[in-house]
Amino acid sequence: VYGEKYGLLDPENMTTEAQKSGLYQLCIRYVFGIGDYASRNFVRVKSKVYNVDVENFSTDSKKITKMKQSNKKVLLDVYKKYKSEFKSVFESWLEEDKKWEGDTGRWYIIENVLGVKVDSFRGRISELIDSVETMFK
């Protein structure tokens, strides 16, 4: 959207690495029920895409309903091409990080600091492991 180095989420006009990064960021929004997948909520710096405006974590599933069909197709094609890589990353999201256990662990923080039950997050991560297409339905 703004050029080669900076922009918003625009999968049709991004490198493959940026598309993969954007899809991971969409998945994070999906898992945490953030919703509002508008391109203005993602900033691309070279081949990395970052989430911005990420408040209101929710246990409700927020499907991606308003996205250009051509952008969905690009992202789904990237997912299909790199499916094993995506699955491996999603599976790692379910693991406990041995470095951060107890009250510094991710699941403890989600449940006790954010005040949200983690079962819904884990369930949505499991859905992503089965297929990213879940987010788009």
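Here is a chat about a predicted model, going through a few of its residues and ring pairs.

Student: What does K72 touch, leaving out residues up to four places away in sequence?

Tutor: With those left out, K72 touches I64, T65, M67 and F136.

Student: How far is the C-alpha atom of K72 from that of L23?

Tutor: Those two C-alpha atoms are separated by 9.9 Å, and the residues are 49 apart along the chain.

Student: What about N71? Which helix is that in?

Tutor: N71 lies in helix α2. With a relative accessibility of 8%, N71 counts as buried.

Student: Which residues does N71 touch, again not counting those up to four places away in sequence?

Tutor: Those are D10, P11 and E12. For E12 there is a polar detail too: a polar atom of the N71 side chain lies 3.4 Å from the backbone nitrogen of E12.

Student: Okay, new topic: rings! How many aromatic pairs does the structure hold?

Tutor: There are six aromatic pairs. One of them is Y24 with F86: the ring centres are 4.5 Å apart and the planes are at 40 degrees, so this pair is tilted.

Student: Where in the chain are Y24 and F86?

Tutor: They come from distant parts of the chain, 62 residues apart. Y24 is in helix α1 (residues 16-31), while F86 is in helix α3 (residues 83-94). Both Y24 and F86 are buried.

Student: And how do F32 and F121 pair up?

Tutor: F32 and F121 form a tilted pair, with 4.7 Å from centre to centre and 45 degrees between the planes. F32 is in the loop between α1 and β2 (42-45) and F121 is in helix α5 (residues 119-130), so the pair ties together parts 89 residues apart in sequence.

Student: Is F121 buried or exposed?

Tutor: F121 counts as buried, at 1% relative accessibility.

Student: Which residues do ring pairs link into a cluster?

Tutor: The cluster is made of Y24, Y79, F86, F90 and W93.

Student: Last one: which ring does the charged end of R29 sit over?

Tutor: That would be the ring of F42, with the charged end of R29 5.0 Å from the ring centre. R122 also has its charged end over a ring, that of W107, 4.4 Å from the centre.

Methods
Residues numbered from 1 in each chain as written. Predicted model: local features only at pLDDT ≥ 70, side-chain atom pairs only at ≥ 80, totals over all residues. Heavy atoms only, no water. Contact = heavy atoms within 4.5 Å. Phe/Tyr/Trp six-rings, centres within 6.5 Å; stacked < 30°, edge-to-face > 60°. Helix = DSSP H or I, 4+ residues; strand = E, 2+ residues; numbered from the N terminus. Buried < 20%, exposed > 50% of the residue type's maximum accessible area, 1.4 Å probe, protein only. Lys NZ or Arg CZ within 6 Å of the ring centre and 35° of its normal. Polar contact = N/O pair within 3.5 Å; in protein donor to acceptor, adjacent residues only side chain to side chain.
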